Amino acid sequence: MQFSIKAIAAIMAVISNITSINAEEAIAPEDSAVVKLTEATFNDFINNNPYVLAEFFAPWCGHCKRLGPEFASAADTLNESDPNIKLAQIDCTEERDLCSSFEIRGYPTMKVFKGDASAISDYPGQRDSNAIINYMRKLTLPAVQVFETAKELDEKLEKLAESFILQILPEGTESQASNETFYQIANKYSEAFTFASTSDKKFVDQYAKSSKTPAYVIFRKGEELSDASVYKGKSIDSDFELLVDFIDVESKPLFGEINGQTYQAYTSSNLPLAYYFYSTEEERSDVEPIIKKLAKKYRGEVNFVGLDAVQFGMHAQNLNMEEKFPLFVIHDLESNKKYGIDQSNDLDNNDITQFVQKFKAGKLEPIVKSEPVPESQDSSVFHLVGTEHDAIVKSGKDVFVKYYAPWCGHCKKLAPIFEELSELYTGKDVIVAEIDHTLNDVEGVTIEGYPTLVLFPADGSEPIYYDDARSLEAMADFIKEKGSLKIDAFADEEDAVVESETAVESSTVEKVEQTEEAEAHDEL
Ligand SMILES: *[C@@H]1O[C@H](CO)[C@@H](O)[C@H](O)[C@H]1NC(C)=O
Ligand SMILES: *[C@@H]1O[C@H](CO)[C@@H](O)[C@H](O)[C@H]1NC(C)=O
């Protein structure tokens with residue numbers, strides 16, 4: 001589970017970086033509002049401007065080239081609208097001392113200064129013009145913007161840059177605690193959302209249940225105001241988590257877009273994630289009404305996202321689907337099971353609703369990635385595949401399984417020892433098995449590195465992870481001790497020579513193991 005999330009996030013991040021190729025300059029053009037700073041000008045400039053976003057860059061760096069035009073465009077916009085916010089660039093190939101005094105380790109590095117060189121923080125946002133503008137503007141505002149009149153607020157709601165979380169506080173509300181809680185949350189999450197508060201009567205009438213209780217409403221960027229989410233739970237008072245959970249669920253758009261930047265937000269909430277892979281904007285807008293309807297119905301139960309198959313199509317493989325678009329697939333993040341609409345015919349959008357209903361009712365079969373079941377087992381190590389996994393590990397024998405990846409070096413080193421181990425159990429009720437985890441889905445096993453070794457006791461009790469030396473004796477001891485059949489691999493060993501040979505071999509192995517112990521599990 002963790003494995004797949006990490007891998008997918010990495011793939012998405014990589015792809016989203018590669019695809020936006022352009023030949024732009026890292027350095028802002030002469031006529032831009034970006035200020036070029038040097039060692040000589042830096043301190044004065046920072047001290048004389050209340051809000052400065054400084055980009056430390058190198059002209060040759062690819063990410064800097066991509067950021068260049070976005071940075072310049074943000075600077076020009078802010079120069080017009082918010083002249084007290086400045087954007088500056090420092091060329092680290094020229095200003096080496098200055099850059100090293102800020103311990104710049106990678107390009108570009110963006111830092112925010114608030115009026116002096118010690119009031120400094122890292123810029124945490126995305127590297128595009130809108131995100132930069134939005135972040136810098138918010139710095140100049142209080143964590144909660146108070147709107148006195150409905151007119152001001154209506155204007156604001158017309159053009160939202162991100163999810164907007166509104167507290168509606170009727171005059172004379174009795175509980176001060178909920179207002180305090182709201183401000184605490186705003187201070188903590190102000191980077192991700194805009195927080196606002198109003199006591200205007202029009203909003204009170206529309207959203208508050210009574211003239212004494214506060215209301216909370218989330219308006220999402222790019223959506224109708226009538227689609228806003230209203231908090232309906234119990235009174236917030238001092239309960240921070242109540243409102244944070246609401247925000248976590250409801251701030252996501254009904255039909256959002258998943259990419260390197262948003263992936264984390266979707267996977268961290270652990271709800272099933274329903275993907276629509278599209279290749280054209282038309283495909284996406286055709287399906288939108290269907291998806292939005294479902295998303296409203298299953299808010300807080302399933303997240304629905306669009307995925308640009310032109311950029312991220314290969315992600316279909318991670319979801320056990322073919323790269324044939326459009327496609328619809330649900331990834332249950334909790335169980336790591338994948339459910340997709342059959343791809344033998346072209347996708348009919350009208351099938352999506354029923355498919356989601358069946359998913360919710362638990363009536364779908366997951367797609368299990370598996371190698372075919374081998375016709376015969378031609379090694380003493382049992383070659384396990386995804387479709388057979390559960391049946392074999394519950395077959396009433398002690399089953400010791402190695403989960404491996406073909407490219408993993410530690411796995412290759414273990415292979416001959418494992419083969420030998422399996423031979424020791426010929427004719428005994430222990431199965432020594434291996435499974436290529438890159439080709440086969442398995443459930444109920446946590447695989448955080450290769451190889452992972454797990455014993456499934458014959459009595460069906462919880463699997464036990466093996467974390468000891470990878471020597472023949474140690475593994476055999478483990479199977480004898482932890483297995484429910486207590487089978488001793490060496491019990492009726494007649495040939496003493498074999499045993500001593502084995503001992504010699506495995507002691508060399510143990511030495512290798514000890515020196516490499518620290519990295520024995522780091523292959524992913
Ligand atoms: C920045 O704004 C000022 C004041 O509006 C204007 O005079 C100046 O030309 C602008 N600079 C750039 C580079 O756009
Ligand atoms: C809500 O709490 C904030 C922060 O403590 C405070 O500044 C503000 O006056 C409060 N608003 C009301 C209406 O009580």
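Q: What makes the approach between Glu180 and ligand 2 a polar contact?
A: In this predicted model, a polar side-chain atom of Glu180 is 3.1 Å from an oxygen atom of ligand 2. A polar contact needs a pair of N or O atoms within 3.5 Å. The distance of 3.1 Å is within that cut-off, so the pair counts.

Q: Which distances put Gln176 and Asn179 on the list of polar contacts with ligand 2?
A: For Gln176, a polar side-chain atom is 3.3 Å from an oxygen atom of ligand 2. For Asn179, the value is 2.3 Å, again to an oxygen atom of ligand 2. Both values are within 3.5 Å, so both pairs qualify. Ligand 2 by itself exposes 360 Å², and the protein buries 49% of this area.

Q: Which residues form the shell around ligand 1, and how much of the ligand does the protein bury?
A: Asp31, Ser32, Ala33 and Asn79 surround ligand 1. Alone, ligand 1 exposes 360 Å², of which the protein buries 38%. The shell has one nonpolar, two polar and one charged residues.

Q: Where is Ser32, and what does it touch?
A: Ser32 is in the loop between helix H1 (2–19) and strand E1 (35–36). Leaving out residues up to four places away in sequence, Ser32 touches Ala72 and Asp76.

Q: What makes Cys61 and Cys64 a disulfide, and what is its handedness?
A: Their sulfur atoms are 2.2 Å apart. The cut-off for a disulfide is 2.5 Å, so this pair is within it. The torsion about the S-S bond is about 90°, so the disulfide is right-handed. Both cysteines are buried.

Q: What is the handedness of the link between Cys92 and Cys99, and are the two residues buried or exposed?
A: The sulfur atoms of Cys92 and Cys99 are 2.1 Å apart and form a disulfide. The angle about the S-S bond is -85°, and the link is left-handed. Cys92 has 3% relative accessibility and Cys99 has 5%. Each value is under 20%, so each residue is buried.

Q: Why is the disulfide of Cys408 and Cys411 called right-handed?
A: The S to S distance is 2.2 Å. The torsion about the S-S bond is about 95°, so the handedness is right-handed. Cys408, at 0% relative accessibility, counts as buried, and so does Cys411, at 3%.

Q: How many disulfides does the whole structure hold, and what pattern do they follow?
A: A search of the whole structure gives three. Counting bonded cysteines along the chain, the pattern is 1-2, 3-4, 5-6.

Definitions and conventions
Residues are numbered from 1 along each chain as its sequence is written. Chains are lettered from A and ligands numbered from 1 in the order in which they are written. This is a predicted model: local features need pLDDT of at least 70, side-chain atom pairs count only at pLDDT 80 or more; totals for chains, interfaces and linings use all residues. Side-chain values use heavy atoms; hydrogens and water are left out. Helices (H or I, at least four residues) and strands (E, at least two) are DSSP runs, numbered from the N terminus. Contact means heavy atoms within 4.5 Å. A residue is near a molecule or strand if one of its heavy atoms lies within 4 Å of it. Accessible areas come from the Shrake-Rupley method with a 1.4 Å probe; for residues, only the protein chains shown count as cover. Ala, Val, Leu, Ile, Met, Phe, Trp, Tyr, Cys and Pro count as nonpolar, Asp, Glu, Lys and Arg as charged, and the others, Gly among them, as polar. A polar contact is a pair of N or O atoms within 3.5 Å; within protein, one must be able to donate a hydrogen and the other to accept it, and residues adjacent in sequence count only if both atoms are side-chain atoms. Buried means under 20% relative accessible area, exposed over 50%, partly exposed in between (1.4 Å probe, protein chains only).
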